[in-house]
Amino acid sequence: MHTQTWKVRIDIDEDDKRTDAYAILSSRDGVQVHGKGEARRRPTDAVVPEIGEELAVSRALYSLADRLMDTAVKDVEMLSHPS
């Protein structure tokens, strides 16, 4: 069995109204896949930074997963249908 470690870094930027999260996956061979997510707070919402962070990070990870799947599909298609 061969074990690998891929790393995901998440950066979060926030202000009073908006939280942005950036997820960066680095594979063993240096390939990087990025995802971005955001959350916005309405003026009537309570100020709970953890909720904005959770929403933004989950959306960034979803975006990252979607892009990683697209990359895998393209790789499979290239192997299945070489030019």
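Colleague: What are the ground rules for the numbers?

Modeller: This is a predicted model, so local features need pLDDT of at least 70 and side-chain atom pairs count only at pLDDT 80 or more, while totals for chains, interfaces and linings use all residues. Residues are numbered from 1 along each chain as its sequence is written, and side-chain values use heavy atoms, with hydrogens and water left out.

Colleague: How do you know how many helices and strands there are in the protein chain?

Modeller: Helices are DSSP runs of H or I with at least four residues, strands are runs of E with at least two, and both are numbered from the N terminus. The protein chain has one helix and three strands, in the order β-β-β-α from the N terminus on.

Colleague: What makes E1 and E2 a pair?

Modeller: Two strands pair if DSSP finds at least two bridges between them. Strand E1 (residues 7-14) and strand E2 (residues 18-26) are joined by eight bridges, so they pass, and they run antiparallel. Three residues sit between them in a hairpin. Ile-10 stands opposite Ala-23 in E2, and Asp-11 stands opposite Tyr-22.

Colleague: And what makes E2 and E3 a pair?

Modeller: Nine bridges, again in the antiparallel sense. Ala-23 has Gly-35 as its bridge partner in E3, and Arg-18 stands opposite Arg-40. This hairpin has five residues between its strands, and Gly-30 in the turn has a positive phi of about 85°.

Colleague: Why is Pro-43 called exposed?

Modeller: Buried means under 20% relative accessible area, exposed over 50%, and partly exposed in between, using a 1.4 Å probe and protein chains only. Pro-43 has 78%, which is over 50%, so Pro-43 counts as exposed. Pro-43 belongs to the loop between strand E3 (32-40) and helix H1 (49-80). Its C-alpha is 7.8 Å from that of Lys-17, 26 residues apart along the chain.

Colleague: Why is Lys-74 called exposed?

Modeller: Lys-74 has a relative accessible area of 54%, so Lys-74 is over the 50% cut-off as well. Lys-74 is in helix H1, and its C-alpha lies 34 Å from that of Glu-14, 60 residues apart in sequence.

Colleague: Which side chains of E3 are buried?

Modeller: Val-33, Gly-35, Gly-37 and Ala-39, which point to one face. Over the whole protein chain, buried residues make up 20% of the 83 residues.

Colleague: How do you know how the protein chain compares with a compact globule?

Modeller: The radius of gyration is taken over C-alpha atoms, and the globule rule is 2.2 Å times the number of residues to the power 0.38. For 83 residues a compact globule would be near 12 Å, but the protein chain has 17 Å. The C-alpha trace spans about 55 × 25 × 20 Å along its principal axes.

Colleague: What share of the contacts joins residues at least 24 apart?

Modeller: Contact means heavy atoms within 4.5 Å. Among contacts between residues at least 6 apart in sequence, that share is 36%.
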